[in-house]
Amino acid sequence: LTGAIFDNMTAVIPQRVGKRDYVGLRRDFIRVLLVLGVGGPLVYGALALAAGVVIPPVLGERWLPAIPALIALTPYGVITTVGGVFGPLYRALDLMRRTIQVKIIALVIGIPVGALLMTQIEGALAGALVINVIFGVSVLLTAVITLRALSRLSATT
């Protein structure tokens, strides 16, 4: 659903950075984040609510055990929806080194949290929660780094 938005961001962000239009980029980027920040939870929330009703008649009863894991992965969908726009921004702003550090920090935080979750919850549900934690921390820290850099740049122009 968001592929076209991500493609557009991949094209527009480097152009705006090349033109040094940081004020316009920041304004438009925040707008996109707000739309995705509202739309993502609505779409994936509806998926989580409908999964138990839709999956059995469409895919069959044998898919019932997958429903809890699917519901647990809906936050991943939200995180991906919002976080997907940061890639073109951190690449255009040349923040790759910091972003790699963020990914390592997310693993350092996520693995112990995941290990703790796996002692409390079994199976695919635990795995889904671990994925959500690691990716959520990664996107949150990436957002902080990129938005700070964009704010600094927009304040200087």
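Me: What do buried, exposed and partly exposed mean here?
Reply: Buried means under 20% relative accessible area, exposed means over 50%, and partly exposed lies in between, with a 1.4 Å probe and protein chains only. The model is predicted, so local features need pLDDT of at least 70 and side-chain atom pairs count only at pLDDT 80 or more, while totals for chains, interfaces and linings use all residues. Residues are numbered from 1 along each chain as its sequence is written, and side-chain values use heavy atoms, with hydrogens and water left out.

Me: Why is Pro65 called exposed?
Reply: Its relative accessibility is 65%, and the cut-off for exposed is over 50%, so Pro65 counts as exposed. Pro65 sits in the loop between helix 2 and helix 3; helices here are DSSP runs of H or I with at least four residues, strands are runs of E with at least two, and both are numbered from the N terminus.

Me: Happy with that. Why does Arg16 count as buried?
Reply: Arg16 has 17% relative accessibility, so it counts as buried.

Me: And what makes Asp28 partly exposed?
Reply: The relative accessible area of Asp28 is 22%, so it falls in the partly exposed class. Arg27, at 42%, counts as partly exposed too.

Me: What makes the contact of Arg16 with Asp28 a salt bridge?
Reply: The term needs a side-chain nitrogen of Lys or Arg within 4 Å of a carboxyl oxygen of Asp or Glu. In the pair Arg16 and Asp28 the closest N and O atoms are 2.8 Å apart, so the pair qualifies.

Me: Which salt bridges does Asp28 form with Arg27 and Arg31?
Reply: Arg27 and Asp28 have their closest N and O atoms 3.4 Å apart, and Asp28 meets Arg31 at 3.5 Å, N to O. Asp28 and Arg31 both lie in helix 2, three residues apart, about one turn of the helix. A search of the whole structure finds four salt bridges, and Arg16, Asp21, Arg27, Asp28 and Arg31 are linked in a network of them.

Me: Now the helices. How do you know that helix 3 and helix 6 are roughly parallel?
Reply: The axes of helix 3 (residues 67-83) and helix 6 cross at roughly 15° and come within 8 Å. Axes are lines fitted to C-alpha atoms, for helices over the stretch in contact, with angles from 0 to 180 degrees between N-to-C directions. Angles under 35 degrees count as roughly parallel, over 145 as roughly antiparallel, 65 to 115 as roughly perpendicular and the rest as oblique. Helix 3 and helix 6 are therefore roughly parallel.

Me: What makes helix 5 roughly antiparallel to helix 6?
Reply: Helix 5 (residues 96-120) packs on helix 6 at about 150°, with the axes 8 Å apart. That angle makes helix 5 roughly antiparallel to helix 6.

Me: Which residues make up the largest nonpolar core, and what is such a core?
Reply: A nonpolar core is a set of buried Ala, Val, Leu, Ile, Met, Phe, Trp, Tyr and Cys residues joined through side-chain atoms within 4.5 Å. The largest one has 20 residues, and those with the most contacts inside it are Ile13, Phe29, Val85, Leu89, Leu93 and Leu150. Helix 2 gives the largest share, five residues.
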